[in-house]
Amino acid sequence: MIEVTRLNGKKYWINPHQIENMEENPDLTLTLLSGKKVVVSDTPEEVIDKIIDYRRRIGGFHQEM
């Protein structure tokens, strides 16, 4: 799970494997595979960095090589 921050300042944890896409308009909207949308105050770069860190922790990169 990665931590993101909703616009109201509350922390929220999501499974990064469930993120289908991200769209900046101007806030970052994460669309999950379920169709649910989560608007966060994090930048796309921050979310991508969190996903990379998460995948390193679980060994996800070793499986992709």
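1. Start with glutamine 18, which touches Thr31, Leu32 and Leu33 once residues up to four places away in sequence are set aside (a contact here means heavy atoms within 4.5 Å). Glutamine 18 sits in the loop between S2 and S3; helices (H or I, at least four residues) and strands (E, at least two) are DSSP runs, numbered from the N terminus. From glutamine 18 to leucine 33 the chain runs 15 residues, yet their C-alpha atoms are separated by 5.4 Å. With 36% relative accessibility, glutamine 18 counts as partly exposed (buried is under 20% relative accessible area, exposed is over 50%, and partly exposed lies in between, with a 1.4 Å probe and protein chains only).

2. A word on what you're looking at. This is a predicted model, where local features need pLDDT of at least 70 and side-chain atom pairs count only at pLDDT 80 or more, while totals for chains, interfaces and linings use all residues. Residues are numbered from 1 along each chain as its sequence is written, and side-chain values use heavy atoms, with hydrogens and water left out.

3. Now find leucine 7, in the loop between strand S1 (2-5) and strand S2 (11-14). Skipping its neighbours within four places in sequence, leucine 7 is in contact with Asp27, Val39, Val40 and Ser41.

4. Next, a peptide bond to look at. The one from asparagine 25 to proline 26 is cis, with omega near -20°. Proline 26 belongs to the loop between strand S3 (19-24) and strand S4 (28-32).

5. How many salt bridges are there? The count comes to two, taking a salt bridge as a side-chain nitrogen of Lys or Arg within 4 Å of a carboxyl oxygen of Asp or Glu. As background, side chains of opposite charge can pair when their charged atoms come close.

6. Another salt bridge brings together the side chains of lysine 50 and aspartate 42, at 3.0 Å, N to O. Is aspartate 42 buried or exposed? Aspartate 42 counts as buried, at 8% relative accessibility, whereas lysine 50 is partly exposed, at 26%.

7. Then turn to the surface, where Glu24, Asp27, Glu45, Glu46, Asp49 and Asp53 gather in a patch of negative charge. Patches are made of residues with over 30% relative accessible area and no salt bridge, joining like charges within 9 Å and nonpolar side chains (Val, Leu, Ile, Met, Phe, Trp, Tyr) within 5 Å. Lys and Arg count as positive and Asp and Glu as negative, leaving out His and the chain ends. Each charge is placed at NZ of Lys, CZ of Arg, CG of Asp or CD of Glu. The areas come from the Shrake-Rupley method with a 1.4 Å probe, and for residues only the protein chains shown count as cover.

8. Which element gives the most to the negative patch? That's helix H1 (residues 44-58), with four residues. Glutamate 45 is in helix H1 and counts as exposed, at 51% relative accessibility; its C-alpha atom is 18 Å from that of leucine 32, 13 residues away along the chain. Glutamate 46 is also in helix H1 and is partly exposed, at 38%.

9. Finish with aspartate 53, again in helix H1 and partly exposed, at 40% relative accessibility. Aspartate 53 and isoleucine 2 lie 51 residues apart along the chain, with their C-alpha atoms separated by 9.1 Å.
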